[in-house]
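Please look through the structure shown here before reading on. The paragraphs below are meant to be read alongside it.

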Amino acid sequence: MFSWDLLIGALVFGLLLGCFYAAVSIGLSLSFGLLDVPHIAHPSFLVAGAYATWWLAGFGWDPILAGLFLAPVFFVLGVVMYRLYYAMFEKHGSDAGLRGLAFFFGVAFIIEVCLILVFGVDQRLVEAVYIGKSIDFTDDLRIPMRLLVAFAAALLLTIGLTLYLGKTYMGRAIKAVAQDQIALSLMGADPVKVKQWAFGIATAVTAIAGALLIIIGPVDPQLGRIYIGRTFCVVVLAGLGSMSGTLVAGLILGVAETIVLTFFGASWAPAVAFGLLLVMLGVRPQGLFGR
Amino acid sequence: MALELNISGVEAGYGAVRALQGVSLNVKQGETVALLGTNGNGKSTLMKCLTGLVRPTAGKITLTIDGVEHNLIGKGPQEIVNLGVAMVAEGRRLFPRLTVEENLYLGAYRPLARADLSKNLEFCYATFPILKQRSKQLAGSMSGGQQQMVAIARALMSAPKLLLVDEPSVGLSPLLVSQTIEKIGELNRKHGMTVLMAEQNFHQTIKIAHRGYVLVHGEIAFESSNVAELENNEMVKNLYLGA
């Protein structure tokens with residue numbers, strides 16, 4: 001049942017979906033990729049951002065505007081989280097990795113349970129002028145407007161973060177901090193402050209990505225679980241800490257998932273992320289753009 | 001601009017190990033002072049005390065800049081760097097997965113150095129021309145000698161008033177050791193940089209040093225006001241030349 005129209009449709013849809021995957025992963029690219037923090041609760045923050053967007057949308061807010069408004073709130077949340085992680089694990093030394101993983105796993109569960117307690121287990125969705133409409137090219141090729149919103153947001157986030165990390169003093173310090181903290185302090189930067197700032201930014205970005213998540217489709221409190229595989233796949237595929245790599249890796253995952261979905265059926269789609277992750281770790285562990 | 005570093009009676013250690021037992025020395029504006037000693041005698045510990053990475057348990061460290069005395073003990077690395085002290089750390093400690101240029105830009109992190117970034121970058125590239133050609137290369141992929149140049153240049157990017165250099169010869173071939181140390185000498189001669197250099201390579205060091213101290217078991221065993229004294233001292237001969 002192969003047809004060129006189907007393939008082209010899958011490719012276009014996959015590229016747009018890929019941009020969305022890049023947008024939801026780019027915060028993790030900062031926290032896990034650059035800071036070496038095993039932030040497995042990242043997808044839970046996405047879902048929390050989506051719910052906060054839904055809550056604000058209830059007062060008539062536009063979801064994008066809600067995401068932007070939530071960003072500074074999440075920034076503070078991220079700083080607090082990092083301080084907690086630092087005080088409990090990083091300060092005491094080398095095995096912060098594994099114990100940190102357990103810590104963030106716990107955080108993920110707490111967020112999930114809190115969301116269930118507050119909002120219930122039902123799916124939630126938002127409404128906006130760009131949700132539910134599509135631009136029709138042919139009968140087979142309709143591009144939903146909500147995917148174009150994700151596309152624009154992903155592009156802006158990637159460009160913005162690349163510029164920030166490359167052109168500002170704080171940005172360069174964020175890139176350096178996991179490589180040698182003592183050397184960084186000899187440059188006159190406080191490694192802990194650099195990391196908490198970076199973690200704040202990473203979390204602020206998840207608020208915007210969370211708004212995209214609920215624009216793309218309905219969310220429920222356990223949606224984060226699916227995104228653990230997807231986001232970690234994108235970040236590892238990209239090469240830890242590469243922002244432009246995150247965009248490319250997101251596109252690869254988006255296209256691969258859509259093609260598998262179109263030609264092999266929906267039940268195989270969730271295997272794509274983990275499959276790509278395993279292949280990448282086996283073939284090129286440093287990732288596509290890893291240094 | 002007048003500058004003077006005074007260290008008196010500094011003691012420091014790691015747990016039960018006493019690394020420094022009452023060390024006193026001073027460095028004045030425009031001098032190159034050598035801190036000599038073989039491995040494990042406390043040179044690096046003293047350098048770490050000067051940059052706030054290790055806190056001395058006793059003694060005084062003061063840096064006087066234009067008549068204003070700053071007590072360095074209790075200050076963290078950030079505050080000390082902001083006073084105009086830069087250190088080329090032992091083992092170079094570059095950011096291996098960043099480019100040469102990114103490493104140099106990080107050297108200019110201290111707010112006072114940021115305004116002169118392009119001037120200082122030009123100075124570094126003029127001093128080490130190879131770094132300009134390699135500016136986009138990852139620091140970790142360079143040879144040891146080139147990495148040492150990046151490390152020195154990165155310290156210069158902060159426009160320091162006092163340059164601390166900890167064991168620049170580690171891991172370098174003899175030819176590169178003499179080239180590296182000669183470069184440090186040149187910074188002092190041509191540009192008036194005040195330098196305190198810890199080093200075990202006696203012969204290369206005395207080529208550029210004005211004065212020197214010999215550190216043995218955490219104590220200053222010998223202090224000389226000129227290089228000839230160092231060269232002719234019996235104890236130094238025993239330590240370095242094999243009597």
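Predicted model: local features only at pLDDT ≥ 70, side-chain atom pairs only at ≥ 80, totals over all residues.

Residues are numbered from 1 along each chain as its sequence is written, and chains are lettered from A and ligands numbered from 1 in the order in which they are written. The pLDDT is the predictor's confidence in each residue, from 0 to 100; its mean for chain B is 92, and 98% of the residues of chain B reach 70 or more. The model scores ipTM 0.92 and pTM 0.91.

Strands pair if DSSP finds at least two bridges between them. S1(B) runs antiparallel to strand S2 (residues 17-28) of chain B, joined by nine bridges, with B:Gly13 opposite B:Arg18. These two strands form a hairpin with two residues between them, and B:Gly15 in the turn has a positive phi of about 60 degrees. Seven bridges also join S1(B) to strand S4 (residues 58-65) of chain B, again antiparallel, and here B:Ile7 stands opposite B:Ile61.

Helix H7 (residues 144-156) of chain B is mostly covered, as ten of its 13 residues are buried (20 or more other C-beta atoms, placed from the backbone, within 10 Å of a residue's own). Among the buried residues are B:Met149, B:Ile152 and B:Leu156.

Definitions and conventions:
Buried ≥ 20, exposed ≤ 12 C-beta atoms within 10 Å, placed from the backbone. Helix = DSSP H or I, 4+ residues; strand = E, 2+ residues; numbered from the N terminus.
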